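Biologist: Could you take me through this model with the cut-offs spelled out as we go?

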Amino acid sequence: MDWNFILFSALKIVCVIIPLLTMVAYAVLAERKISAFIQDRVGPNRTAPPLARYVPVLGPLLTRWGMFQPLADGLKLFLKEDFTPDHVRKMYFWLAPAIAMIPAFLTIAVIPFGSVLGGQQMVIADLNVGILYTFGIVSLGVYGIVLAGYAANSKYPFLGGIRSSAQMISYEIAMGMSVIPVFLIAGNLNLSKLIAYQATHGWMVFYAPVSFFIFLIAAFAETNRLPFDLPESETELVGGYHTEYSSMKFGLFFLGEYANMIAASAMMVTLFFGGWTLPFLGLDQTASNIGMGLAHIGVFILKIGVLMTLFIWVRWMLPRFRYDQLMDLGWRRFIPLALANILVTAVVLWMRTQPA
Amino acid sequence: MIVKRSKLSLWERLYLPAIVGGFKVTLGHFIATLFKGKAVTMQYPEEKWSVPPGYRGAPYLVRDQDGHTKCVSCQLCEFVCPPKAIKITPPGPNGQPVDRANAEKMPREFEINMLRCIFCGFCQEVCPEEAIFLLKDYSLTGQSREEMIYNKEKLLALGGTHAGVQKWKHKLEEAREQESFPVET
């Protein structure tokens, strides 16, 4: 075994997980702030460490933006009483939050988040079957929620779990089929190669807009975000699958949802928006120095940020679908559309290869 | 009642008009709140509601125009108080003398338990001396239960002088006029 490889891989994992968790925490803040502005409120603007207000300008400003709020929220979640109701199935009850959280992190492993930094390729695992791995892991995500619903042994979480299993499995089909045209065009399943293809030929969203459209909506459904948040739906199911959870166990579901959103955004950036590349300023070439390497990572995070804003904004814009509408949309609209998309793309590609 | 469910047209079934409409509304509110300061939130401890006249806040004792205690320890408010929040200690037979004319006695101690008070205003209504008023304080806080029992000193300090209501001054003037009033015999 190559020790160098192990060391750098471990280092990359740490360097991805920590910013990812930070991004998750601040995504929650962004959600709260954006929702506040949409609803004519101001959002969190008070929380501050004891001495923050003595720092001139910066202290009050960061406080007003709510920059310290995630820290307080995290602390609160850790310190709250971890209550396990008597009627739950203990083992699954403990297992479910972890299973909900882990797939989101595993998905990130194959996504190239930058070009090259100090001779290292900025991807944890440069798999040749990157996208297949992703879909394999993503389909594990449903188990966390279903187990949570089952383990709670009470009716509302149970309904939430049932809903999520049907919803996530339905939309996974549309999601999986929606990306096939992308790989038909690129001719490779490796995500790094896909980004290289997009750097030379232009972003994939222009070649396969229908794919992007289906993938985006399926991503909303997969991450249980409004307008597809039926597993959670506070207004109908109390809290859905996590009704019986408290403290950090609830926190894991909460963070898992946002980590899933970030993973889905990262996936969309990689598949449709050229990953870490930008078509100008020479940012589409593999970095030759550290500055460019960091710029690539910055571009990648910026693109994720834009998509995250979309995710958050849609939550406060659209009402929830009814369950029959959700199933109708998934099975009778998107799956046929995705199949037609594959067919049309394949035919167009075949026609191109034919001698005129 | 039968609710008529009209079939959606193809354009409506695409959900696009609804999405565009929703985006317009949310974007409008977002920009108005973020850039034009249209947030409806009141920054509470710094900004406060202006309380309308006639508001029933915390009951405090008031002083008359000369700064004297108006309360004469009649204990009507103590009896009428529904949650029994008021506790008056009368001066007793050899109590301290009153600090103003036209009064026989004043309370040795006057306590209102603000934790019990329900701000009903019966004490103000029943008081013959117009000595207790529900003023505008609505946010009473304290670190302990003892602290929330307001004594006479504190109530008088918080109530302040009520120069407007000068019941006994007018009564006195009327009485003086009566003395010099020409009475036919």
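Modeller: What follows is a short exchange on the overall fold and one residue. This is a predicted model, in which local features need pLDDT of at least 70, side-chain atom pairs count only at pLDDT 80 or more, and totals for chains, interfaces and linings use all residues. Residues are numbered from 1 along each chain as its sequence is written, while chains are lettered from A and ligands numbered from 1 in the order in which they are written.

Biologist: What radius of gyration does chain A have?

Modeller: The radius is taken over C-alpha atoms, and the globule rule is 2.2 Å times the number of residues to the power 0.38. For 356 residues a compact globule would come near 21 Å, and chain A agrees with this because its own radius of gyration is 21 Å.

Biologist: Is Leu329(A) buried or exposed?

Modeller: Leu329(A) belongs to helix α15, residues 323–353 of chain A, where a helix is a DSSP run of H or I with at least four residues, numbered from the N terminus. A residue is buried if 20 or more other C-beta atoms, placed from the backbone, lie within 10 Å of its own, exposed if 12 or fewer, and partly exposed in between. Since Leu329(A) has 21 C-beta neighbours inside 10 Å, Leu329(A) counts as buried.

Biologist: Which residues is Leu329(A) in contact with, leaving aside its neighbours within four places in sequence?

Modeller: Contact requires that the C-beta atoms of two residues, placed from the backbone, lie within 7 Å. With neighbours within four places in sequence set aside, the contacts of Leu329(A) are Phe321(A) and Phe334(A).

Definitions and conventions
Helix = DSSP H or I, 4+ residues; strand = E, 2+ residues; numbered from the N terminus.
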